[in-house]
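Dear colleague,

I am passing on the structure below, with notes on what was found in it. Please keep it open as you read.

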Amino acid sequence: ITSRAAKVMAQQLAKRGTPEGAIRFGIRGGGCTGYSYHFAFEDRPARASDHLIVVDGTRVLIDAKSMLLLNGTVVDFETGMRGHGFRFDNPNVKSNCGCGESV
């Protein structure tokens, strides 16, 4: 998770009023290729099986099952003429549909 992505996550946590919370990042069934990326706010403590990543003070939790598919993934936040959003560079992807949201 890049500093730029962590900054956006921290801003969203602050906007929500839970700057001490975390972002849960994972993979779930769905999307064009069978999987999609998922973000959620997490107010509860990390589970024993969670992987905790801290970037510039922003806490990101990844469940063990998702970590298998996300290992090595770089999450960045981009802005440009075509909009803004998170970008995923996942070396584990075998194919994708071009929407940028599927694994």
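**Helix 1 and its surroundings**

The buried residues of helix 1 pack against strand 1 (22-29), strand 2 (35-42), strand 3 (51-55), strand 4 (58-62), strand 5 (74-80) and strand 6 (83-89), where buried means under 20% relative accessible area, exposed over 50% and partly exposed in between, with a 1.4 Å probe and protein chains only, and where a contact means heavy atoms within 4.5 Å. This is a predicted model, in which local features need pLDDT of at least 70 and side-chain atom pairs count only at pLDDT 80 or more, while totals for chains, interfaces and linings use all residues. Residues are numbered from 1 along each chain as its sequence is written, and side-chain values use heavy atoms, with hydrogens and water left out.

The buried residues of helix 1 are Ala-5, Ala-6, Val-8, Met-9 and Leu-13. Seen down the helix axis, they fall within an arc of 160°, so they line one face of helix 1, the arc being that of the directions from the axis to the C-beta atoms. Lys-7 and Lys-15, on the other side of helix 1, are exposed. Just after this helix, Gly-17 has a positive phi of about 90°.

Of its 103 residues, 32% count as buried, and among contacts between residues at least 6 apart in sequence, 50% join residues at least 24 apart.

Notes. Helices (H or I, at least four residues) and strands (E, at least two) are DSSP runs, numbered from the N terminus.
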